[in-house]
Amino acid sequence: MFFIMGISQGKKKLDYSKTVICNQCGSYGRYEVFMLYSYLSLFFIPLFKWNRRYYVQMSCCNTVYELDPETGRSLFAGKQVDIRESDLTLIQTGRRENSWSKKRCSACGYETTEDFEFCPKCGSRFE
Ligand SMILES: [Zn+2]
Ligand SMILES: [Zn+2]
């Protein structure tokens, strides 16, 4: 008997939309709620999921918060819940596009704050 088993990471976007004034960048943004989970699959069929974590990403500047798991579970169950700021733990501060985002060339290490598509030093494409 031959089994193909695997543990994978999944990501699911939850159906939630709320427009707020972002306290990171000060513009209007939407909360986008994601659930990340690990799952075990057998013959590519997911058997069970565990380690569910919920995250909120701001649409304006991509700031990422971890969402209170209770609130996340309620959202996942389809309940009408309101995400409050007290449910959110800041994980990663986002940035507005082309303000001070730094690009680094993976080929030669050249750094620039300009919005180049190709490295001005060696001509490699920025990712
Ligand atoms: Zn923002
Ligand atoms: Zn380069």
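A residue is buried if 20 or more other C-beta atoms lie within 10 Å of its own, exposed if 12 or fewer, and partly exposed in between, with C-beta atoms placed from the backbone. This is a predicted model, in which local features need pLDDT of at least 70 and side-chain atom pairs count only at pLDDT 80 or more, while totals for chains, interfaces and linings use all residues. Residues are numbered from 1 along each chain as its sequence is written, and chains are lettered from A and ligands numbered from 1 in the order in which they are written.

**Overall layout**

- The protein chain has one helix and eight strands; helices (H or I, at least four residues) and strands (E, at least two) are DSSP runs, numbered from the N terminus.
- Along the sequence, these elements follow the pattern β-β-β-β-β-α-β-β-β.
- The radius of gyration of the protein chain is 19 Å, whereas a compact globule of 127 residues would have one near 14 Å. This radius is taken over C-alpha atoms, and the globule rule is 2.2 Å times the number of residues to the power 0.38.
- Taken along the principal axes, the C-alpha atoms fill a box of roughly 50 × 50 × 20 Å.
- Buried residues make up 13% of the 127 residues in the protein chain.
- Among contacts with a separation of 6 or more, 41% are between residues 24 or more positions apart. Two residues are in contact if their C-beta atoms, placed from the backbone, lie within 7 Å.

**Domains**

- The protein chain is divided into domain 1 (5–96) and domain 2 (97–127), with bounds that come from an automatic or database domain assignment.
- The C-alpha centres of domain 1 and domain 2 are 30 Å apart.

**The nonpolar core**

- Eight residues form the largest nonpolar core: Val33, Tyr54, Tyr55, Val56, Tyr65, Leu67, Leu75 and Ile83. Such a core is a set of buried Ala, Val, Leu, Ile, Met, Phe, Trp, Tyr and Cys residues joined through C-beta atoms within 7 Å.
- Strand E4 (45–58) and strand E5 (64–67) are the elements that give two or more residues to this core, and E4 gives the most, with three residues.
- Ile83, a member of the core, is in contact with Lys18, Tyr31, Val56, Leu67 and Thr71, leaving aside neighbours within four places in sequence.

**Helix H1**

- In helix H1 (residues 69–76), the buried residues are Thr71, Gly72 and Leu75.
- Seen down the axis of H1, these buried residues fall within an arc of 100 degrees, so they line one face of the helix. The arc is that of the directions from the helix axis to the C-beta atoms.
- Strand E3 (28–42), E4 and E5 are the elements against which the buried residues of H1 pack.

- E4 and E5 pair in the antiparallel sense over three bridges; two strands pair if DSSP finds at least two bridges between them.
- Gln57 stands opposite Val64 in E5.
- The hairpin of E4 and E5 has five residues between the strands, and Asn62 there takes a positive phi near 65 degrees.
- Asn62 counts as partly exposed because 17 C-beta neighbours lie inside 10 Å.
- Asn51 lies in strand E4 and also has a positive phi, near 55 degrees, in a residue other than glycine.
- Asn51 has 9 C-beta neighbours inside 10 Å, so Asn51 counts as exposed.
- E5 also pairs with strand E6 (residues 88–92), in the antiparallel sense and over four bridges.
- Leu90 in E6 is the bridge partner of Tyr65.
- E6 is hardly covered: the count of buried residues among its five residues is zero.

**Lys102**

- Lys102 is in the loop between E6 and strand E7 (103–104).
- Lys102 is exposed because 9 other C-beta atoms lie within 10 Å.
- Not counting residues up to four places away in sequence, Lys102 touches Glu111 and Thr113.
- Lys102 and Met35 are 67 residues apart in sequence, and their C-alpha atoms are 29 Å apart in space.
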